[in-house]
Amino acid sequence: MQFTAQQISDIVNGTVEGDSSQTVSEMSKIEEGQEGSISFLANPRYENYLYTTRASIVIINEDLVLKQAVKPTLIRVKNAYTAFSILLDAYNQLRADKSGVEEPSFIHPSAVIGKNVYIGAFSYIGANVRIGDHTKIYPNSYIGDSVMIGSFCTLYAGVKVYFDSVIGDRVIIHAGAVIGSDGFGFAPQEDGTYKKVSQIGNVLIGDDVEIGANTTIDRATLGSTKIQSGVKLDNLIQLAHNVELGQNTVVAAQTGISGSTKIGENVVLGGQVGVAGHISVADGSQVQAQSGINRSITHPGKKWAGTPAFSYTSQMRIQVTLQKLPGLEKRIEQLENLIYKS
């Protein structure tokens, strides 16, 4: 699939400088650019590559002053990084432009499928499912009974959505994710065994949410596990039953959040953060990777680090003090020797 410089300029609202009929068929880094590829320059540290790259087209900022002549056709835009991201998104949409139902697949007669929907081979669509317009469900996916999926969603290969889950518009769920599996609920018995507590709630996912590969979100025991609009989840995350994530919260890989915990809006949780159950985290909190949160965070907009988590500045002071401990230990030994000798 080839595009001319003028076509690309129209997409990113830019101005062509050079051959507007120059064509490209792939994208590349500016330092690795080859003929027939398009690249971009946003970071000034890479400017030298602009004069040596073999890429056919390069997107640059409109205020960049050239130090010497260049070989590629240029497309000048207000923000080269933003323009290239728009181009990447357009390219990705073209690649993913699928529609229709592939065979073999199973769609229950009571399911309601919207317009221009793609359902990949070996997928299962259960009873009373509702799928909105322009949604794409890739092969080997399972959509349980009474699931509702909005419009312009993408569920990649092998996604499993259990019964009664509700998914908003423009949601992206990556391969292997499981939505609505049973929460971890077991009642201890007098004989030392555990009786399973049925999980009869569901999962509610808002609009514009992205869920990473192999992430799992448990259904609620009662009520709903809630992922509000704009939330972004990395790969390999575990959200337990009745967890709530506020709008535009971001969670990095390998984080685990225990049951009934409420995370506020615009929170950032780093990788491998562990959060205890039945607590809350205030809006705008930022938690450093590998921290452990074992009590509620009530002050909004603060930074936290460590296990158990302290305020970020306190944790940094603790780290500095820890590095001094060997020297302090030696000084204490010297003082003890002086005391004992006297």
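Two strands are taken to pair if DSSP finds at least two bridges between them. In this predicted model, β4 and strand β5 (residues 37-41) pair in the parallel sense, and two bridges join them. One of the residues concerned is Glu26, whose bridge partner in β5 is Ser37.

The pair belongs to an open sheet of five strands, arranged in the order β2-β7-β6-β5-β4. The pairing within this sheet is mixed. The edges are held by β2 (15-17) and β4, each of which has a single partner strand, so one side of each is left without a neighbour in the sheet.

Two helices pack on the sheet. Helix α1 touches β2, β5, β6 (57-61) and β7 (73-77), and the direction of α1 makes about 10 degrees with that of β7. Helix α3 touches β4, β5, β6 and β7. The direction of α3 makes about 150 degrees with that of β5.

The two helices also pack against each other. Two packed helices are described by the angle between their axes and the distance between the axes. For helix α1 (residues 5-12) and helix α3 (residues 80-95), the angle is about 105 degrees and the axes are 9 Å apart. Angles of 65 to 115 degrees count as roughly perpendicular, and α1 is therefore roughly perpendicular to α3. On the α1 side the contact is made by Ile8, Ile11 and Val12, and on the α3 side by Ala83, Ile86 and Leu87. By class, the residues of this contact comprise six nonpolar, no polar and no charged.

Rolling a probe the size of a water molecule over the atoms shows where empty space is left. One cavity of 30 Å³ or more was found in the whole structure. The largest cavity holds about 150 Å³ of space. It is lined by 13 residues, of which Phe3, Ile8, Met27, Leu87 and Tyr91 are the closest to its centre. The elements giving two or more residues to this lining are α1, β4 (26-27) and α3. The largest share comes from α3, with four residues. In terms of residue class, the lining of the largest cavity has 11 nonpolar residues, one polar and one charged.

Terms used: Residues are numbered from 1 along each chain as its sequence is written. This is a predicted model: local features need pLDDT of at least 70, side-chain atom pairs count only at pLDDT 80 or more; totals for chains, interfaces and linings use all residues. Side-chain values use heavy atoms; hydrogens and water are left out. Axes are lines fitted to C-alpha atoms, for helices over the stretch in contact, and angles run from 0 to 180 degrees between N-to-C directions. Angles under 35 degrees count as roughly parallel, over 145 as roughly antiparallel, 65 to 115 as roughly perpendicular and the rest as oblique. Contact means heavy atoms within 4.5 Å. Ala, Val, Leu, Ile, Met, Phe, Trp, Tyr, Cys and Pro count as nonpolar, Asp, Glu, Lys and Arg as charged, and the others, Gly among them, as polar. On a 1 Å grid over the protein atoms alone, a cavity is a set of points where a 1.4 Å probe fits but cannot get out, and a pocket is an open set with protein on both sides within 12 Å along at least five of seven lines; lining residues have an atom within 4 Å of a point. Grid points are joined across faces, edges and corners, and a volume is the space filled by probe spheres set on the points.
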